[in-house]
Amino acid sequence: MTSEINPGKELSRLLRSWWVIALSMILFGAAGYLFHTLRPPIYEASAEYNVWLDFNYLTTDREFTEYDEDLSINAVGNAYVSPVVLEKVTAEALKQGWIQAKNELILNYKLERKHESWELRYLSSDPQLAMSLVNFWAKAGYDHLIELEKAQAIPAYVRFSEPSQAVLPAKPVRYGRNNLILAGMLVGMVAGIFLSGWTAQKKK
């Protein structure tokens, strides 16, 4: 017959074994940090471009809201990841050996908007590869916007700049370090609780 659990007694036991739980959390947290440190270094190259509105070219009778502004800027800024551009970049990346499978491109890029500024980033274990791919991608995106502008597919009041050139990354990035340490500490806490319970049972 299973004995009934006494919450107060269990809490008292955990408090007495706090050092076991704390030590376990420290050890597993350190293991998470070590795992992150021993992973192959990842480099990130980035190119920036700007998209803004020139209201001198805006011709509308209705109120132009902030929602309309965001919609216009996002539509043009996101052209860098339109199907046409992605197809062109993927084909070139496969040809140059920058990627081995099509999904690598999607898994390792980030496009982030910061007000009027947009940042296109790519992660790779090879810094030269990351820089070359981003520069090709940025040019492909800019060329696509030029084509859309010539075809008058972009509103005249939406302006955009030529992207900056990505430079060779000098140092690897360390994304996910804190998450791995936190995950290790949580695992350590659970392990410490089980260990303290096991040692308590052994003493009986």
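## Surface and overall make-up

The accessible surface of the protein chain is about 13,500 Å², and carbon and sulfur atoms account for 59% of that area. The model is predicted. The protein chain has 204 residues, and 33% of them are buried. Take the contacts between residues at least 6 apart in sequence: 75% of these join residues at least 24 apart.

Seven helices and four strands make up the list of elements. Read from the N terminus, their order is α-α-β-α-α-α-β-β-α-β-α.

Strand 2 and strand 3 (residues 117–124) run antiparallel and are joined by six bridges. Arg 113 takes part in this pairing: its bridge partner in strand 3 is Trp 118.

## Helices across the sheet

## A nonpolar patch

A nonpolar patch on the surface is formed by Trp 18, Trp 19, Leu 23, Leu 27, Phe 28 and Val 187. Together these residues have about 670 Å² of accessible area. Helix 2 (residues 18–38) supplies the largest share, five residues.

Trp 18 is found in helix 2. Its relative accessible area is 58%, so Trp 18 counts as exposed.

## Salt bridges between elements

The salt bridges number seven. One of them pairs Arg 113 with Asp 70, with 3.3 Å between the closest N and O atoms. This pair links distant parts of the chain, with Arg 113 in strand 2 and Asp 70 in helix 3, 43 residues apart. Arg 113 is partly exposed at 28% relative accessible area. Asp 70 is partly exposed too, at 36%. Arg 113 therefore has a strand partner in Trp 118 and a salt-bridge partner in Asp 70, while its relative accessible area of 28% makes it partly exposed.

Another salt bridge joins Arg 159 and Glu 149, at 4.0 Å from N to O. Arg 159 lies in strand 4 and Glu 149 in helix 6, so this pair ties together parts that are ten residues apart in sequence. Arg 159 has a relative accessible area of 29% and is partly exposed. Glu 149 is partly exposed at 33%.

## A salt-bridge network

Salt bridges that share partners join Glu 44, Glu 112, Lys 114, Glu 119 and Arg 121 into one network. Within it, the side chains of Arg 121 and Glu 119 meet at 3.1 Å, N to O.

Are these two residues buried or exposed? Arg 121 is buried, because its relative accessibility is 10%. Glu 119 is buried as well, at 12%. The cut-off for buried is under 20% relative accessible area.

Terms used. Residues numbered from 1 in each chain as written. Predicted model: local features only at pLDDT ≥ 70, side-chain atom pairs only at ≥ 80, totals over all residues. Heavy atoms only, no water. Pairing = 2+ DSSP bridges. Helix = DSSP H or I, 4+ residues; strand = E, 2+ residues; numbered from the N terminus. Buried < 20%, exposed > 50% of the residue type's maximum accessible area, 1.4 Å probe, protein only. Contact = heavy atoms within 4.5 Å. Areas by Shrake-Rupley, 256 points an atom, 1.4 Å probe, with all protein chains shown as cover. Patch = residues over 30% accessible without salt bridge, like charges linked within 9 Å, V, L, I, M, F, W, Y side chains within 5 Å.
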